[in-house]
Amino acid sequence: MIETIYIENQIRQHRRTEEILSKFKKKINIVYCDHYGEIFNIKSQNFRIQKKKPALVLAKKEGKKLHDIPKSFSIGGKKNYYFSHMLNCIYDCEYCFLQGKHMSAHYLLFVNYEDFFIEIEKKIKQNRFEKSYFFSGYDCDSLAFDGLTNFVESFFPIFEKNKNGILEIRTKSVQIQKILKHKPIDNCIIAFSFTPENISKLIEHKVPSVKKRIDSMKKLAKKGWKIGLRFDPIIPACNFSKIYEDLFKNIASNVPEENIHSISFGMMRFPKKMFKKMIKEYPNKKITSLNFKNNNGIYSYSKEVQKKLENIIVGKLKKYMKNIPIFNCKV
Amino acid sequence: MHKTNEINIVVAMEREAIPLINYWDLKKNSKKFYSNKKKKINLIISGIGKKRAEKATIYLAEKTDNNSFFLNIGIAGHKNYKLGEVILISKITDNKNKYSWYPSLLWKTKIKKAPLITVIFPKIRYTNNSLYDMEAAGFFKGARNFVGPEKAQCIKVVSDNKDSSILNISSKKIENWIYSKTPVINKLVNEFLKV
């Protein structure tokens, strides 16, 4: 529960700031600052301590709003970008790179959505002869905070009128009420991330159960929404083949194949610096028991293990979801 | 009291320190330095002003464990707050260079939170909704060399407002205000030490 909100002075009067503040019924502590970096980027912060009670930081995103993503992370497109209207997540997955990426565990929300819209539309125009893919949910869970951020209702209209832009909303949340009220948008993909239930229970703290997420996908599919399946990271565990097969089978029996846009998967991977920071801050992580190898500065499983896991995953996916394109997110 | 961390407390004046020294049963180590090893509480009387507060904080930091918690306790003025009211500080600004510190507010407490401005001379007119003191910026400048925003905090007790100026403050009043708030401060200290 948020008890403190830091607000940049320049957006004190912003319409979205006022909307967000009006959603807090209980008295909250508001602290004004000149720049979010005064709170968010302070080096000596302890991510794990802050994660126990994160504050909300409202700010204006300056500079570049869209960032290129590697081709190997695509879901079939050539022009791929990610954007982050928010940094950090309400969930606490032990493998999450955010805990090694940011100094702070506070939720940082950029309220100037309109500046994101301008860049997105500009990019769509620039790439007018091909589809542009926009990924949301790299630095946050786009849906988990939707009740507060109004992300869905704000960003959907941009893609309703720009059919050459494809939006992927990546989530582990079941906050789909606002999407269900909306008419399906053909160029929007609601992509759900999964690990098998027993792994999720162990290391994806505060994340809704696999069952609840599958129910959400089922409801969305029934309404005609396109669903993305994301198995990233793949985590080797006891009965690896069986637990992943059970998960795929469960999804396939609940979500019709024609509603599934794409499947992607990826091995756990961290740049060296991020990996070291994570281990330092969270030494009792269960994932540290996995056998990580340093592959040219990227900590992941050995090449042999990766190949073995890939073969099992692709084999099982094809067994239950034959005609859906599968992408391996490799670094 | 949790026994894992030490807490280093910086207060400006002896009158502010006396009720705390008595409450925690702190023993005098040197002229301005008190401690209770069992309770892991250290207290230093810095003298008035941010430079003195900074120096005293660094002295404590160098003398104690590097996992210590730092706390500044003292009096401050505010336009409207009631005399004797206890406030947990949410933002500290050095009025001279406008630099600000933001202590993380992670605590289970109903104590009011408010920003504070550290000034060089006592404030007679309260121009905005902040508290005013003369030490906190120096304390934070010193403490934050050693710990992050979670482990440096500031508690102030209101000593003057628009109806009762700084000229009405007396040593006895200071002692009484701090004395009456010591149980509340102690509760908060216990919260701090859970970190």
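Trainee: Let's start with β8(B): how many of its residues are buried?
Mentor: Keep in mind that this is a predicted model. A residue counts as buried here if 20 or more other C-beta atoms lie within 10 Å of its own. By that test β8(B) is mostly covered, and out of its 7 residues the buried ones number 5.

Trainee: How many bridges join β6(B) to β8(B)?
Mentor: These two strands run parallel. One pair to look for is Lys91(B), which stands opposite Pro115(B) in β8(B). The count of bridges between β6(B) and β8(B) is 7.

Trainee: And in β9(B), which residue is the bridge partner of Leu116(B)?
Mentor: β9(B) covers residues 131-133, and it runs parallel to β8(B), with 3 bridges joining them. Look in β9(B) for the bridge partner of Leu116(B), and you land on Leu131(B).

Trainee: Which elements give two or more residues to the side of chain B that touches chain A?
Mentor: The contact takes 15 residues from chain B and 15 residues from chain A. On the chain B side, the elements that give two or more are β6(B) and β8(B).

Trainee: By class, how many residues on that side of chain B are nonpolar?
Mentor: Take the other classes out of the way: 4 residues are polar and 4 are charged. On the side of chain B that touches chain A, the nonpolar count is 7.

Trainee: Which residue stands opposite Ile44(B) when β3(B) pairs with β4(B)?
Mentor: On the β1(B) side, 5 bridges join that strand to β4(B) in parallel, and Val10(B) has Ile44(B) as its bridge partner. On the β3(B) side the strands run antiparallel, with 4 bridges. There, opposite Ile44(B), stands Phe33(B).

Trainee: Over in chain A, how far apart are the end C-alpha atoms of helix α10?
Mentor: α10(A) has 14 residues, 210-223, and at 1.5 Å a residue it should span 20 Å. The model agrees, because the end C-alpha atoms of α10(A) are separated by 20 Å.

Trainee: Within what arc do the buried residues of α10(A) fall?
Mentor: The buried residues are Val210(A), Arg213(A), Ser216(A), Met217(A), Leu220(A) and Ala221(A). Seen down the axis of α10(A), they line one face of the helix, so their arc is 135°.

Trainee: Which exposed residues sit on the face of α10(A) turned away from its buried side?
Mentor: The buried residues are covered by elements including α8, β11 and α11 of chain A. The face turned away from that side carries the exposed residues Lys211(A) and Lys222(A).

Trainee: Last one: is Pro54(A) buried or exposed?
Mentor: Pro54(A) lies in the loop between α3 and β3 of chain A. Among the residues it touches are Asn88(A) and Tyr107(A). Because Pro54(A) has 22 C-beta neighbours inside 10 Å, it counts as buried.

Definitions and conventions. Residues are numbered from 1 along each chain as its sequence is written. Chains are lettered from A and ligands numbered from 1 in the order in which they are written. This is a predicted model: local features need pLDDT of at least 70, side-chain atom pairs count only at pLDDT 80 or more; totals for chains, interfaces and linings use all residues. The expected span of a helix is 1.5 Å times one less than its number of residues. A residue is buried if 20 or more other C-beta atoms lie within 10 Å of its own, exposed if 12 or fewer, and partly exposed in between; C-beta atoms are placed from the backbone. The arc is that of the directions from the helix axis to the C-beta atoms. Two residues are in contact if their C-beta atoms, placed from the backbone, lie within 7 Å. Two strands pair if DSSP finds at least two bridges between them. Ala, Val, Leu, Ile, Met, Phe, Trp, Tyr, Cys and Pro count as nonpolar, Asp, Glu, Lys and Arg as charged, and the others, Gly among them, as polar. Lists of a residue's contacts leave out its neighbours within four places in sequence.
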